[in-house]
Amino acid sequence: MATRWGICSAGRISHDFTVALKSLPAEDHQVAAVAARSLENAKEFAQKHSIPRAYGSYEELARDPDIDVVYIGVIHPYHLSTCLLFTNAKKNVLCEKPLAMNSKEVQEILASAKRNDVFFMEAVWSRFFPASVEMRRLLAQGEVGEVKLVRSEFGFQLSHVGRSVQKELGGGSLLDLGIYCLQFICMVYNREKPECIQAMGVCMESGVDETVVVTLKYSKNRMAVFTCSSGLKLPNDAIIVGTKGIIRVGYNMWCPTSFVVNGKETQYPLPEPYLPLNFINSTGMRYEAEEVRQCVLKGLKESAVMSHADSLLLAELEDEIRRQIGVVYSQDCQ
């Protein structure tokens, strides 16, 4: 029986996620309904993607009995309230990254998911790409020996994008872009908490971070460093340096379709989209969707690949980095 998806928000990321779902077998994944803040937007989205039901409020989607999982694509200042709406309605949820504005909100969301006994996952799609799965396998096998250094960069010129620069919209490069670098480091170091974090940043007049450089020190003198920026286009690559070699992830490190291990490259091509995409490699969201389906079929409440503990670790590290560079959101004061 197909997993029946409800799409919450009719924005650009929801469009891409719906396109990605359509690249999977129809007998496994079906989009049953979409909800937006206006019925007109929901109907337009539904018509574009051949979705049978459209709602002009999120509450109506929460009440729909024929939805197995809700995908939340609203901007992150609204993740807390939207996640609570659906978890309290006993819906399984896949919520876009960053899961929330701070670790306190993340804890509240995860507690609600557990209390309501539903599946919940933060949509860190990078973890589920075949290239990422293979990288984890190689690291576990010791292909490059003991990892000593991880470096990652992610930056685009986004000063023209309102949600990237406005504090009330959750602007800032760390939560939007840096989270990809951070999750990559956490994945490589197998969820270990760093012993020390040092962060420096350049902030905009709006009070959000534009460019951030972070150094993390782990046990056994292992290091990591990442740079994120919403003001600069960076190489957007990553390297993992071990005692026996190097893994290089080229441009598009956050949605990898290839990597090089000690000079040998392996490609992992994505399926073609049936409609134009807003973001590069978005059909790769199919892999996190399939992970959700498999977990729900098994009766699991979280994914072992992107667990609740993973989400909380990311949020706690982001809190500390923001504390050091002086970025404070209204949600931090509540």
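Biologist: Which strand holds Tyr 218?

Modeller: This is a predicted model. In it, Tyr 218 belongs to a strand covering residues 209–218. That strand is S9.

Biologist: Is Tyr 218 buried or exposed?

Modeller: Setting aside neighbours within four places in sequence, Tyr 218 touches Ile 185, Tyr 189, Glu 192, Lys 193, Pro 194, Glu 195 and Ala 224. Its relative accessibility is 0%. Buried means under 20%, so Tyr 218 counts as buried.

Biologist: How are H5 and H10 oriented to each other, roughly parallel or roughly antiparallel?

Modeller: H5 spans residues 103–115 and H10 spans residues 308–325. Their axes lie 9 Å apart, at an angle of about 165 degrees. Angles over 145 degrees count as roughly antiparallel. The pair is therefore roughly antiparallel.

Biologist: How many charged residues are in the contact of H5 with H10?

Modeller: H5 contributes Ser 103, Val 106, Gln 107, Leu 110 and Lys 114. H10 contributes His 308, Ser 311, Leu 312, Ala 315, Glu 316 and Asp 319. By class, the contact has four nonpolar and four polar residues, and the charged ones number three.

Biologist: How many disulfides does the structure hold?

Modeller: A disulfide needs two cysteine sulfurs within 2.5 Å. For Cys 95, the nearest cysteine sulfur is that of Cys 83, 3.6 Å away, and Cys 95 is in no disulfide. Cys 295 is in none either, with the sulfur of Cys 95 nearest at 16 Å. The number of disulfides in the structure is zero.

Biologist: Is Cys 295 buried or exposed?

Modeller: The cut-off for buried is under 20% relative accessible area. Cys 295 has 4% relative accessibility, so Cys 295 counts as buried.

Technical notes: Residues numbered from 1 in each chain as written. Predicted model: local features only at pLDDT ≥ 70, side-chain atom pairs only at ≥ 80, totals over all residues. Heavy atoms only, no water. Axes fitted to C-alpha atoms, helices over the stretch in contact; angles between N-to-C directions. Helix = DSSP H or I, 4+ residues; strand = E, 2+ residues; numbered from the N terminus. Parallel < 35°, antiparallel > 145°, perpendicular 65-115°, else oblique. Contact = heavy atoms within 4.5 Å. Nonpolar A, V, L, I, M, F, W, Y, C, P; charged D, E, K, R; others polar. Buried < 20%, exposed > 50% of the residue type's maximum accessible area, 1.4 Å probe, protein only.
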